[in-house]
Amino acid sequence: MPKIVEDSKGEQEQVLEPKEIEPIRVVLDPSSPSIRSIVRVTIVSMIFLFIGTRIESVIGSLTYVFFLLVLSIFFAYLIAPLVNLIRSPFKVRGRERYMPRAFAIVISYLFVFSVLGIMIASIAPRASQQARDLAANLPSYGASIQRTLNDLNRRFDRLRIPDEMQARINEQASVIGASITTTIGGSVVSFVTFVPWLIIIPILGFFFLKDVNSFRLTVLRLFPAGSWRVRADSILSDANETLAAYVRAQLISCVLIGVVCTIAFYIIGLKYALLLGLVAGVFEFIPLLGPITIGLVATATAGFGDAPWKAWPTLIFLITLRIVHDYITYPRIIRGGIHLHPVLIILSVLAGEQIAGIPGVFLGIPVVALITVAYKHFLDHQGGKALFEGLVKEETTPKPAEEGS
């Protein structure tokens, strides 16, 4: 309301009186959680975080135990076809009791280890001699590398590259070389310390082969009878086929790459052709990192040897071999057992190496393959074609009725 007041000159004027401002009350929404609930959720989250951290540390400390277990399963997959082949004549005639599964496994072990023993006895002397020669010639390889670096420095001087940039290039080259040497050396040391434990692999593989049906029934009994158990049985069957296809494809690839590389290295004229071929076959079992390692080792051995020009045919051969094997021979070997894009394979190997080191390199592809199997069955169980198909529904508006209908 306006109020009439007089100023200092006695004149009257109207002045608006200020309104009284009511205090603002802040009230929490009754639907918001109480302080007790917030504290409870915070405490439970911290407990779960602590438990998760402990479990992660325990799993990290047991990485090599899990790796040993997985290698035993892989070994069982390799021996299983031979066990089934030995028992098949007795199954056909209905006399399986005359060839128990345990006895067939023992016969398979004797056959496999006898063949391996004969091969090692015939190849090991020459391979070990080449390994000794390579170890004796390592100083000469170091001197050759030093000469190459000196030649690069002289070329830098001719190109008038600033000394600071030249020093940085040499420093980075030294860092890369030291990193490669440290990585390879650490891998070799880890493998050597892990070798004594490899004796456990055939023992665990024997029990996996002998009691495979018992393990399968134990897993199936965890699910209620009916559609859930049928679905679990289907998942186990697909996972079994996927792992079997992967392991056998890797074994065939190792043998194939080892033989082809040995022959090619002899044709090119490399000094340690047999040794490098055997290493190539063994490293083929390590996805991605194995072929890259053997490529670097073989090319460096040729380039810093007596005939540096041999590095080029070696490099061209290895690149051609990777293209042919990865895109032509390997898909035919695996025969659709694993449907993974090459990019997904690379990411699986890199992620496995970051998570679990060298064991993760071995396990990355099988784990991702099993995840794809579970994902496929999940979609089949949901009856949809996409994971988020049920979350997005198109709104359909009813059509207006036609006049005269």
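Contact, in these legends, means heavy atoms within 4.5 Å. The model is a predicted one, in which local features need pLDDT of at least 70, side-chain atom pairs count only at pLDDT 80 or more, and totals for chains, interfaces and linings use all residues. Residues are numbered from 1 along each chain as its sequence is written, and side-chain values use heavy atoms, with hydrogens and water left out.

**View 1. The surroundings of Phe362.** Leaving aside neighbours within four places in sequence, Phe362 is in contact with Phe67, Tyr246, Phe285 and Ile286.

**View 2. The largest nonpolar core.** A nonpolar core is a set of buried Ala, Val, Leu, Ile, Met, Phe, Trp, Tyr and Cys residues joined through side-chain atoms within 4.5 Å, where buried means under 20% relative accessible area (1.4 Å probe, protein chains only). The largest such core has 36 residues, and those with the most contacts inside it are Phe74, Ile79, Tyr109, Leu209, Tyr246 and Phe362. At least two residues of this core come from each of the helices H2 (63-92), H3 (101-158), H5 (200-210), H7 (227-268), H10 and H12 (358-382), helices being DSSP runs (H or I, at least four residues) numbered from the N terminus. H2 gives the most to this core, with eleven residues. Apart from it lies another core, of 18 residues, among them Cys261, Ile268, Tyr272 and Leu318.

**View 3. Helix H8 against helix H9.** The axes of H8 (residues 273-283) and H9, which are lines fitted to C-alpha atoms over the stretch in contact, with angles running from 0 to 180 degrees between N-to-C directions, come within 8 Å and cross at roughly 165°. H8 and H9 are therefore roughly antiparallel to each other, a term for angles over 145 degrees. The contact is made by Leu276, Val279, Ala280 and Phe283 of H8 and by Gly290, Pro291, Thr293, Ile294, Val297, Ala298 and Thr301 of H9. By class, the residues of this contact divide into eight nonpolar, three polar and no charged, with Ala, Val, Leu, Ile, Met, Phe, Trp, Tyr, Cys and Pro counted as nonpolar, Asp, Glu, Lys and Arg as charged, and the others, Gly among them, as polar.

**View 4. Helix H9 against helix H10.** H9 (residues 289-303) and H10 (residues 311-334) pack at an angle of about 165°, with their axes 8 Å apart, and H9 and H10 are therefore roughly antiparallel to each other. On the H9 side the contact includes Pro291, Ile294 and Gly295, while Leu315, Leu318 and Arg322 are among the residues of H10 that take part.

Definitions and conventions. Angles under 35 degrees count as roughly parallel, over 145 as roughly antiparallel, 65 to 115 as roughly perpendicular and the rest as oblique. Buried means under 20% relative accessible area, exposed over 50%, partly exposed in between (1.4 Å probe, protein chains only).
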